[in-house]
Amino acid sequence: MPQEVSVSYQAIKSKVYRLIDALVVGEKNEVEVQESVRRWWELIHPADRPIAQKYLLTVLERSRSALDAVEDGLTEAVEGTAPARLDSAKGLKLIHRIVKQTTKPTSFSTSA
């Protein structure tokens, strides 16, 4: 019997934050986090993937904004200047690629 994975906003936010924490404290590296996301995505029922993707991208965008705010605050505190932006779109592009790769073999088309 396949494992059921919650696709609520809170469950997805918790998953993302756990992965971020594991990366920050050194329990996982970037490749391991990517593999965790792939395995997690495969556990989501194909019919639930559109809402899971929506919530995941929302969490990632808000997380990116929070990190940008932290970076901006630190840069201003240390240097007293306006911060230069890093390319944070890389993370979103990676998630889009993972989602596309994992949905190709199991995706099915329905008319809405």
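Residues are numbered from 1 along each chain as its sequence is written, and side-chain values use heavy atoms, with hydrogens and water left out. Because the model is predicted, local features need pLDDT of at least 70 and side-chain atom pairs count only at pLDDT 80 or more, while totals for chains, interfaces and linings use all residues.

The secondary structure of the protein chain consists of four helices and zero strands; helices (H or I, at least four residues) and strands (E, at least two) are DSSP runs, numbered from the N terminus. Along the sequence the pattern is α-α-α-α. Of the 112 residues in the chain, 26% are buried, where buried means under 20% relative accessible area, exposed over 50% and partly exposed in between (1.4 Å probe, protein chains only). Contact means heavy atoms within 4.5 Å. Among contacts between residues at least 6 apart in sequence, 67% join residues at least 24 apart.

Helix H3 covers residues 49–79. Its 31 residues should span 45 Å at 1.5 Å a residue, and its end C-alpha atoms are 43 Å apart, which agrees; the expected span is 1.5 Å times one less than the number of residues. The buried residues of H3 include Arg49, Ser63, Asp68, Asp72 and Thr75. Just after H3, glycine 80 takes a positive phi of about 70°.

Two packed helices are described by the angle between their axes and the distance between the axes. Helix H2 (residues 30–43) packs against H3 at an angle of about 145°, with the axes 10 Å apart. Here axes are lines fitted to C-alpha atoms, for helices over the stretch in contact, and angles run from 0 to 180 degrees between N-to-C directions. H2 contributes Trp40, Trp41 and Glu42 to the contact, and H3 contributes Arg49, Ala52, Gln53 and Leu56.

Some of these residues also belong to the largest nonpolar core, which has 12 residues, among them Trp40, Trp41, Ala52 and Leu56. A nonpolar core is a set of buried Ala, Val, Leu, Ile, Met, Phe, Trp, Tyr and Cys residues joined through side-chain atoms within 4.5 Å. Helix H1 (9–25), H2 and H3 each give two or more residues to this core, and H3 gives the largest share, five residues. Alanine 52 touches Val7, Ile12, Trp41 and Ile44, not counting residues up to four places away in sequence.

The whole structure holds two aromatic pairs. Rings of Phe, Tyr and Trp (its six-membered ring) pair if their centres lie within 6.5 Å; planes under 30 degrees apart count as stacked, over 60 as edge-to-face and the rest as tilted. Tyrosine 9 lies in H1 and tyrosine 55 in H3, so the pair ties together parts that are 46 residues apart in sequence. Tyrosine 9 is partly exposed at 27% relative accessible area, and tyrosine 55 is partly exposed at 25%.
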